[in-house]
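Good morning, colleagues. Please look at the structure on the screen while I go through its cavities, its confidence, its backbone and its aromatic pairs.

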Amino acid sequence: MKITNFKLGQILIDSGVLSEEQLQQALARQKNTNKRLGEILVANHFLTEMQIIRSLERQLAIPYLDLSSVSVDPTLSTLVPEELARSNHIVPVKREGSVLTIAVEDPLDYNGINDIGIYTRLKISPVIAEREKIETKIRELYTTQKAFAAAKELSSQQQEVQAENAAGNDQPIIRFVNNMIEQAVVLKASDIHIEPLEKSMQIRFRVDGRLMLYMETSAELLPSVVSRIKFIGGMNIAEKRVPQDGRINYKIGAKEIDMRISVLPCVYGEKVVIRITTALGFSLVKEDIGFLPENLEKFNSMLRNNHGIILLSGPTGSGKSTTLYTALKEIMREDINIVTAENPVEMILPGITQVEVNPKAGLTFASVLRSILRQDPDVIMIGEIRDTETARIAASAAITGHLVLSTLHTYDAPSSILRLIDMGVEPYMVSAAMLGVIAQRLVRKLCPHCREAYLADDNELELLGLEKGTRQTLYRAKGCNFCSHRGYLGRTAIHEVMPVTPAIKDCISHSKNVDEVRAVARREGMITLSENLRRIVLDGTTSMEEMVEVSNLQE
């Protein structure tokens, strides 16, 4: 029997989190809608979802489960069909003998819980979880299974399904591509590589900066997959001789995922790389980026200025854009005008004017900057300083009262200062304009669920700058279901924050070399990338293996 909305309301009243007046208002607003009472209460800010969950947990003695901390066995997808899971807003969590634990949004939905019990012929033990987390786990559990099923179906057909003739979402090729994208998003991949080999098609995802094999299947599927991706990316399906670029805006649940596509003809067919440009998993809070406390204070001090240049340096894929967006979000207010020039716009920030550079149409960084300066800006963000003209305009804007944020591709923070001078900006302008430089790299984090503790040996102690014989606990990768047996889960940033102090300005004015600038910065307290990396090895965030690998990349 389905418990009525009134009984749910009574539970919440008895728990002291809802008044009778609020309940009546919610019930009145619920009329003529298909929404549950809980949804109405949350949508109208009478209660939070967690308040409802905690009340039901106490009154019904059904425990709450945080699904984000749970790894679900993929074989459970064969026990409960996806349609049944979605229609009842449940996800199977674990099976122990004849007992199946399921996470439910509404523990009062006895019909739904009974349906699962009847279908599986198992005793059902419910736990309560948030709606969004249930939907996320459903995607994680069923996406891979659907992708492989679609690939098998395509292979069995042994024919190309032309994308332009695909009429609906029931076509195998559409399901295959959709499931591939959804699985990449679930794994928080930054790139999808679809590669033609001599006798097969290989699909790899770049997760935490490393490529991992997602699937290898028949080479006969390649033309259909490439055609479908070209079609949804707005490219020419018939053209297979020249490189092409496209863009997809893809919706998964409530999330808008922006993707850039590059198609390149090669020996065995066309290779496709899809860059997922939306910063998935990032909260754009500067405290979450990975700054050490000392570095965060320096960063905050830079952002408090209303004019000058703040530069982010580092290689492609080092998280510079995320740090820039975080800085913009931090300083964004109603009383200032922020304008950006980007190639491409990687994330939409409401309240900010964002311009996408298009060199083919003559819209270069320099030309956009000249126009931006006529738009009465307070803060200007330049995606990258690439040439002398852009560098000089940026320096001039900073000197004339604008806060400018941008990026450079240099090895470390001191090198960025000299790079601007090498690009043709006069030393006195660099000295007057610069507020500071932040060099950044991304480092894989050990999975907290399976990392393995051990005592450092003498070689590791030497690399860490510790005396031989010191009892130092370190951690290494192991692998579990949470991290897909990689041993690492997510990435963090290491930084080198160099404020341009009077001593640094003096170095610039006297044309000192990069080693001299670096020496002065270190004397003034700059924490180098290597020292930042050493500290997060000692606190167990990452491993010695990662430290050695990242150090090699920096050399």
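Predicted model: local features only at pLDDT ≥ 70, side-chain atom pairs only at ≥ 80, totals over all residues.

**Cavities, confidence and local features**

By class, the lining of the second largest cavity comprises six nonpolar residues, one polar residue and one charged residue. The residues concerned are Ile417, Leu418, Ile421, Cys507, Ile508, Ser511, Lys512 and Val517. Under the classes used here, Lys counts as charged, and Lys512 is one of the residues of this lining. The volume of the second largest cavity is about 30 Å³.

Which helices each supply at least two residues of this lining? They are helix H14, spanning 413-422, and helix H17, spanning 502-509. Helix H14 gives the largest share, with three residues.

The mean pLDDT of the chain is 86, and 92% of its residues reach 70 or more. Over residues 1-6, however, the pLDDT is below 50, and this stretch has 12 contacts in the model beyond near neighbours in sequence.

Let me return to the cavities. How many cavities of 30 Å³ or more does the structure hold? There are two. The largest cavity holds about 40 Å³ of space. Its lining is made up of Ile309, Ile385, Ala391, Ala394, Ala395, Leu420, Val425, Met429, Val430, Ala433 and Met434. By class, these are 11 nonpolar residues, with no polar and no charged ones. Helix H13, at 388-399, and helix H15, at 427-433, each provide at least two residues of that lining.

One is Ala61, whose phi is positive, near 60°, although the residue is not a glycine. Where does Ala61 lie? Ala61 is in the loop between helix H4, residues 49-60, and helix H5, residues 82-88. Is Ala61 buried or exposed? Its relative accessibility is 65%, so Ala61 counts as exposed.

The other is Asp376, again not a glycine, with a positive phi of about 55°. Asp376 is located in the loop that runs between helix H12, residues 365-372, and strand E13, residues 379-382. Why does Asp376 count as exposed? The reason is its relative accessibility of 62%, since the term applies over 50%.

I close with the aromatic side chains. Searching the whole structure gives two aromatic pairs. In one of them, the ring centres of Phe205 and Tyr214 are 4.4 Å apart and the planes meet at 20°, so this pair is stacked. The reasoning rests on a cut-off, because planes under 30 degrees apart count as stacked. Phe205 and Tyr214 are each buried.

Phe291 and Phe299 also form a stacked pair, at 4.9 Å from centre to centre and with 25° between the planes. Are Phe291 and Phe299 buried or exposed? Both are buried.

Thank you for your attention.

Technical notes. Residues numbered from 1 in each chain as written. Heavy atoms only, no water. 1 Å grid on protein atoms, 1.4 Å probe; cavity = no way out; pocket = protein on both sides within 12 Å on 5 of 7 lines; lining within 4 Å. Points joined across faces, edges and corners; volume = space filled by probe spheres on them. Helix = DSSP H or I, 4+ residues; strand = E, 2+ residues; numbered from the N terminus. pLDDT = per-residue confidence, 0-100. Contact = heavy atoms within 4.5 Å. Buried < 20%, exposed > 50% of the residue type's maximum accessible area, 1.4 Å probe, protein only. Phe/Tyr/Trp six-rings, centres within 6.5 Å; stacked < 30°, edge-to-face > 60°.
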